[in-house]
Amino acid sequence: MNSKQELARTVLSLMCISLFLCFGCSNIDSVVKDDGQIKDDTQIDPEDDTPIVVDADLVLGNTEFGINLFKEIYKTDNDMNIFISPYSVSVALAMTLNGAAGDTEQAMTDSLQLQGLSSETINAAFLQMQEALQTSDPKVTLSIANSLWGNDGITFESDFLQRNEKFFNAEVSILDFLDPSTLITINQWVNDNTNSKIPTILDSIERNAVLYLINAIYFKGTWQTEFKPENTRDGTFNLADGSQKQVPMMFRSGGKYSHYHSDTVQAISLPYGEGQFSMYIFVPTNQSDLDAFLATLTPENWENWMTEFNERQMDLRMPKFKVKYGAKELKDVLITLGMGVAFDAGRADFSRMADLEDLGSNLYIDTVLHKTFVEVNEEGTEAAAATVVGIVKTSAPPQFNVDRPFFYAIRDNETGTVLFMGTVIDPS
């Protein structure tokens, strides 16, 4: 295990560019008609500074899904730096959810921790969330982009496409997946929408691929109080195995910070710009460690911790770092979290996505790839994430052709006794 992999394993127990804003109760009626369709007047007036009310159930569900996802990934990747965007993954899967039905829809909804919410409510809540995340802070950039890339010749359900266009502002493109330029086009879209931090998300297009649903998110925030580069110098970082490493440490003296502490962990909130977004850093005490902290990381504890930060004056020393994570295949993780039926070629039900009868095949999720980037320095933080959900069709049933000379036998399967054997050279 090298030092780059160890960096932040002990010190950054959970690093999150906080998307958990101060949301109130549900206000779904403001954007949804009685028939479940989005209203035409849902665009937010840029001159209106009235806070957008976002469904609290979606916020809590996203938090729980993110924690579950992170902890499941940590089980296998605990020897390296981890950086994920639960929001990106949930958005890509929520778009996919618009094509799911029956047990598949229920399993995906449950895994996303959105139990009890209707499809219309989920869609409207994600729309509200994306609008609420928009910022006019000149020191913070946050862009969120969604897209659907369909294979030419597939008859997609118009309602499925329209829901993703309306509720997720998704760009819909129909391309020839056999054309080599299609892969270049999809990767270029990801590159453009992550400010070149994630140049590619797909290495190839699967032979049976029908659709790719992609979310891309880019964040750049300047610290509310920046670190002075001249104060950065090598300092001691204590690795998980007890050894020490000299790494570039940023330093600020005597600032006021929102802070939380207990017997096992201390935490700090570092705001960007005008304070809409913050990074929260949790450092286990000497009597604890990262594994013990993550065991206590639950949605309930997270919400409680967020209410227990208090301002105090202190010196701050923290490392500069850069992490490139992925492309992480989330298939096994999501199956463990209860979404297995969506990946099952025989059981998945995406009948709201495309005309299966016309297609002559079933549809299922083949891959969920997640790729991220983050850099933290004296100025602030730059981060990006991309998530792609790959939908494929089942292959045509294999054929068993008895069209050449063959051997055959008649066997009693109870006793194993072979009663007859023969060959056929010419059946005529």
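Me: Which residues gather in a patch of negative charge on the surface?

Reply: This is a predicted model, in which local features need pLDDT of at least 70, side-chain atom pairs count only at pLDDT 80 or more, and totals for chains, interfaces and linings use all residues. Residues are numbered from 1 along each chain as its sequence is written, and side-chain values use heavy atoms, with hydrogens and water left out. A patch takes residues with over 30% relative accessible area and no salt bridge, like charges being joined within 9 Å; a salt bridge is a side-chain nitrogen of Lys or Arg within 4 Å of a carboxyl oxygen of Asp or Glu. The residues of the negative patch are E157, D355, E357 and D358.

Me: Where does D355 lie?

Reply: Helices (H or I, at least four residues) and strands (E, at least two) are DSSP runs, numbered from the N terminus. D355 lies in the loop between helix 10 (331–339) and helix 11 (356–359).

Me: What is the relative accessible area of N195?

Reply: N195 is in the loop between helix 7 (180–193) and strand 4 (209–222), and has a positive phi of about 55° although it is not a glycine. Buried means under 20% relative accessible area, exposed over 50%, and partly exposed in between (1.4 Å probe, protein chains only). N195 counts as partly exposed because its relative accessible area is 42%.

Me: Which peptide bond is cis?

Reply: A327 has its place in strand 10 (residues 321–329). With omega near 5°, the cis bond is the one from G326 to A327.

Notes:
Patch = residues over 30% accessible without salt bridge, like charges linked within 9 Å, V, L, I, M, F, W, Y side chains within 5 Å. Areas by Shrake-Rupley, 256 points an atom, 1.4 Å probe, with all protein chains shown as cover. Lys, Arg positive; Asp, Glu negative; His and termini not counted. Charge placed at Lys NZ, Arg CZ, Asp CG, Glu CD.
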